[in-house]
Amino acid sequence: IKPHRLRVYAAMIRALDRSVGRIMATLEEQGLAENTLVMFSSDNGGAGYIGLPGVNAPYRGWKLTNFEGGLRVPMLVKWPARITAGTRVDNPVAHIDMMPTMAAAAQAASPHGVVIDGLDLLPLASQDGAQTWSRETLFWQSGYYRAVRHGDWKLQLSERPQKSWLYNLAEDPTEEHNLAASQPEKLAQLKALLDQHKASARAPLYPFVAEMPVAVDKTLAETFV
């Protein structure tokens, strides 16, 4: 396979696939597959530095950005005893939901005095649960670069450079048309949500220690200024 970076990426995917396969085979061999909850996801979209322009297609952006190419990843959940094979859920969820989901599956109580931001995803596996799912808002933050999704609307805010990106993901899932200038009321609404979230948050346990430019629409294999 050419170029070299494509060979490396293909090898990484193959190694991951083999490792997951070994885990699943072991569950089968030990008779645990039917009643074991398995969750598989990615912590972010593909990185621009690997130089593969279509890795997050059709979505825009890469790892290190809050564009959909950096945030939108699949989450696969397998539990034959509880979840019907082929069930598909389109409600946006987040990795903060994985821990409470696993705790609920194990019938483990939440720790006393600790606020859990995530929600149990298991009700979403039923049709009624998907229809009654009530959470509308998700947040992301990396230093002074923040994002919020509320319903189908998504706002990204950056302080360096100072910029707002506002998109209606139902109409523009690939984030091509920035509506920050034309939708001031929606911009203000989502900014208020970000401000409320910031005011209630604690300081990061691991503050950022470096700053760097990140290209949104070009990989490191392409020339950009």
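Glutamine 107 sits in the loop between α3 and α4; helices here are DSSP runs of H or I with at least four residues, strands are runs of E with at least two, and both are numbered from the N terminus. This is a predicted model, where local features need pLDDT of at least 70, side-chain atom pairs count only at pLDDT 80 or more, and totals for chains, interfaces and linings use all residues. Residues are numbered from 1 along each chain as its sequence is written, and side-chain values use heavy atoms, with hydrogens and water left out.

What makes glutamine 107 worth a look is its phi near 55°, a positive value in a residue other than glycine. Its relative accessible area is 75%, so glutamine 107 counts as exposed (buried means under 20%, exposed over 50%, partly exposed in between, with a 1.4 Å probe and protein chains only). Leucine 64 also has a positive phi, about 80°, although it is not a glycine; this leucine is in the loop between β1 and α2.

Two cis peptide bonds come next. One joins alanine 57 and proline 58, with omega about 5°, and proline 58 belongs to the loop between β1 and α2. Another joins arginine 160 and proline 161, with omega about 0°; proline 161 is in the loop between β5 and β6 (162-168).

Proline 53 is also in the loop between β1 and α2, and at 60% relative accessibility it is exposed. Its C-alpha atom is 7.2 Å from that of lysine 218, although the two are 165 residues apart along the chain. Beyond residues up to four places away in sequence, proline 53 touches Trp62 and Thr219, where contact means heavy atoms within 4.5 Å.

## Salt bridges

How many salt bridges does the structure hold? There are 8, each being a side-chain nitrogen of Lys or Arg within 4 Å of a carboxyl oxygen of Asp or Glu. One of them pairs arginine 60 with aspartate 217, with the closest N and O atoms 2.7 Å apart. That pair links distant parts of the chain: arginine 60 is in the loop between β1 (38-41) and α2 (68-71), while aspartate 217 is in the segment after α5, 157 residues apart. Arginine 60 is partly exposed, at 24% relative accessibility.

Arginine 135 and aspartate 97 form another bridge, their closest N and O atoms being 2.6 Å apart. Arginine 135 is in the loop between α4 (127-132) and β3, and aspartate 97 in the loop between β2 and α3 (98-105), so the pair ties together parts 38 residues apart in sequence. Both arginine 135 and aspartate 97 are buried. Then there is aspartate 152 with arginine 149, where the closest N and O atoms are 3.7 Å apart. Aspartate 152 is partly exposed at 38%, whereas arginine 149 is buried at 14%.

## Hairpin and core

Strands β3 (residues 137-142) and β4 (residues 145-150) pair in the antiparallel sense over 6 bridges; pairing requires that DSSP finds at least two bridges between the strands. Serine 142 has tyrosine 145 in β4 as its bridge partner. The hairpin has 2 residues between the strands, and glycine 143 takes a positive phi near 60° there.

Which residues make up the largest nonpolar core? It has 10: Val148, Trp153, Leu155, Leu157, Leu166, Ala180, Leu187, Leu190, Leu193 and Leu194. Such a core is a set of buried Ala, Val, Leu, Ile, Met, Phe, Trp, Tyr and Cys residues joined through side-chain atoms within 4.5 Å. β5 (153-159) and α5 (184-200) each supply at least two residues of this core, and α5 gives the most, with 4 residues. Leaving aside neighbours within four places in sequence, valine 148 has contacts that include Phe139, Trp140, Trp153, Leu155, Leu190, Leu193 and Leu194.

## A nonpolar patch outside

In soluble globular proteins, nonpolar side chains tend to be buried together. Still, Leu16, Phe40 and Leu76 form a nonpolar patch on the surface, with about 270 Å² of accessible area together. Patch members have over 30% relative accessible area and no salt bridge, with like charges joined within 9 Å and nonpolar side chains (Val, Leu, Ile, Met, Phe, Trp, Tyr) within 5 Å. Areas come from the Shrake-Rupley method with a 1.4 Å probe, and for residues only the protein chains shown count as cover. Leucine 76 is in strand β2 (residues 75-78) and is exposed, at 51% relative accessible area.
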